[in-house]
Amino acid sequence: MTLAKSEPGEIGKERDAGGGPRPAFGRARLLLRALLRLASPRRIAATARFLAALARVVRARRAEPRLTVAVDVNSLYESLTGVGWYVHQLLSHLAERDDLRLRLYGQGLVEAPGAPRPAVALPAGPALERVLYAAPDGMVVPPWRANQLLRRAAPLLLAADGNRILFAPNYLPPPLFRFAGGALVATIHDLCVRHFPWAVRPDAARALAAGLDRTLLEADLLLTSSAAVRDELIAAGVAAARTRAIHLGPVQAAPPGELPARTPARFGLFVGTLEPRKNIGTLLAAWELLRRDSPDAPPLVVCGAHGWRAPELRRSLAEAERRGTVLYLGYVTPAELAALYRAALVVALPSLYEGFGLPVVEALAAGAPLLLSDIPAFREVAGDAARYAAAERPEQWAELLAALFADQDLRRELARRGRERAAAFDWRHTADETAAAWRQAATERGRAPLNPAATGTGRARSDPAAVSS
């Protein structure tokens with residue numbers, strides 16, 4: 001038996017079946033060298049320092065004497081709609097409190113290139129802490145790998161923070177909350193998915209169908225924006241003691257600016273996202289009837305972005321515009337919207353269903369006469385400062401619109417009542433009531449109630465810099 005001779009320079013190489021050298025050993029050697037380089041004493045020390053700093057941060061968070069609240073701010077990572085404005089306004093009006101520590105957890109807890117970013121600037125103040133992690137260079141693993149590990153560990157990191165309240169402002173707690181042990185407080189803005197499932201965006205309907213029942217069962221406290229939705233929850237079997245209705249304030253509170261170009265001198269106004277639940281089809285049909293009987297009736301000005309099923313609504317709006325019945329402005333600035341509210345002869349909102357109705361409050365504050373669909377939430381918010389019509393009866397809408405356009409005294413009376421009623425809707429009150437609800441949930445969870453006197457008055461301090469952030 002003859003042993004094969006090694007060619008010069010091939011000593012130590014593996015050979016494949018065809019006699020050629022195998023690259024596996026060379027790759028293994030390169031990998032070993034890389035590992036030895038990454039596991040150098042300097043890199044091990046840097047990794048230890050990072051982990052020690054992480055542990056110190058967690059210990060400090062767990063030792064926080066104020067009421068700690070983990071806030072899901074995912075809704076601020078896309079163009080703001082009703083829920084996004086709710087979260088933004090709530091945080092803005094709680095930012096200066098000295099009895100709360102609100103920790104903001106977004107879509108990603110890792111600050112790195114390519115990571116998700118909020119669509120708007122997050123509110124800031126002594127009570128707020130945006131929770132972010134970033135792995136430094138120079139550790140035993142490269143930064144991209146360390147950030148990947150941090151992303152995977154995010155639910156554990158959140159649980160380690162020991163927040164006493166987990167606040168889910170958009171119906172469902174995010175997956176990030178799954179290991180945390182605080183009391184869960186969720187805001188249920190409406191139950192449209194139960195009453196008009198076809199009018200809910202399909203992806204939202206699927207998410208709610210998968211998780212809403214669990215939220216209703218497991219949450220320590222459920223917040224709603226109206227007593228109407230609270231009553232719906234109770235009728236669905238939720239204990240009254242686990243529900244709390246807290247009204248909202250107006251979102252668009254900017255000083256009036258110039259009216260948008262092309263705005264007619266006299267007009268009715270619709271404000272809202274163009275989607276099936278807003279039922280603008282009834283309004284378009286009513287305006288056709290109105291203009292048929294009164295050709296000189298003012299046109300309808302429509303403000304709002306296109307939502308889902310937009311192509312159908314675009315066609316209807318385009319046809320109405322061609323006939324001169326409607327002027328579609330799309331998105332307008334807050335100052336333009338404030339000017340439109342002030343100038344409108346009537347604001348008409350024919351929603352099939354609402355949990356509250358922010359445009360109603362905005363119109364009340366601006367002194368705009370209101371014609372609303374006859375649904376519980378609108379009755380609760382507007383009271384006697386509006387006229388009401390059945391949501392799906394265009395002829396009734398046309399009749400009431402004609403009466404409002406013809407009666408200046410009625411419009412003035414509704415405007416007066418609206419301004420008086422608007423005073424009851426204030427974000428400061430919303431923020432205070434929400435903070436009280438969190439404290440109630442923390443107390444009823446079986447822990448000792450926090451004493452606001454131990455950390456402050458519960459109101460904003462005159463010197464925010466005196467509060468550690």
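Predicted model: local features only at pLDDT ≥ 70, side-chain atom pairs only at ≥ 80, totals over all residues.
Six strands make up an open sheet, and their order across it is β12-β11-β10-β13-β14-β15, with parallel pairing. The edges are β12, residues 326-330, and β15, residues 386-389; each of these pairs on one side only. From one strand to the next, the twist averages 25°.

Now β13, residues 346-349. On one side, β13 is joined to β14, residues 370-373, by three bridges, and the two run parallel. If you want a position to look at, Ala348 stands opposite Leu371 in β14. β13 also pairs with β10, again in the parallel sense, over two bridges. There, Gly268 has Val346 of β13 as its bridge partner.

Where do the side chains of β13 point? Val346 and Ala348 point one way, Val347 and Leu349 the other way, and all are buried.

Next, the helices. Helix α12, residues 358-366, lies across β10, β13 and β14, and runs at about 165° to β14. Together, β13, α12 and β14 form a β-α-β unit, and its hand is right. Helix α14, residues 394-406, packs on the sheet as well, touching β10, β13, β14 and β15, and its direction makes about 170° with that of β14.

Then there is helix α11, residues 334-343. Its buried residues include Leu337, Ala338, Ala339, Leu340 and Tyr341.

Last item, a helix pair. Helix α3, residues 82-94, and helix α16, residues 427-444, have axes that come within 9 Å and cross at roughly 85°. Angles of 65 to 115 degrees count as roughly perpendicular, so α3 is roughly perpendicular to α16.

Which residues make this contact? From α3 they are Tyr86, Gln89, Leu90, His93 and Leu94, and from α16 they are Trp427, Arg428, Thr430, Ala431, Thr434, Ala435 and Trp438. Sorted by class, the contact of α3 with α16 has seven nonpolar, four polar and one charged residues. On spacing, an α-helix has 3.6 residues a turn, so residues three or four places apart point the same way. On the α3 side, Tyr86, Gln89 and His93 are among the contact residues, if you want to check that on screen.

How values were computed:
Residues numbered from 1 in each chain as written. Heavy atoms only, no water. Pairing = 2+ DSSP bridges. Helix = DSSP H or I, 4+ residues; strand = E, 2+ residues; numbered from the N terminus. Axes fitted to C-alpha atoms, helices over the stretch in contact; angles between N-to-C directions. Contact = heavy atoms within 4.5 Å. Buried < 20%, exposed > 50% of the residue type's maximum accessible area, 1.4 Å probe, protein only. Right-handed = clockwise from strand over helix to strand, strands pointing away. Parallel < 35°, antiparallel > 145°, perpendicular 65-115°, else oblique. Nonpolar A, V, L, I, M, F, W, Y, C, P; charged D, E, K, R; others polar.
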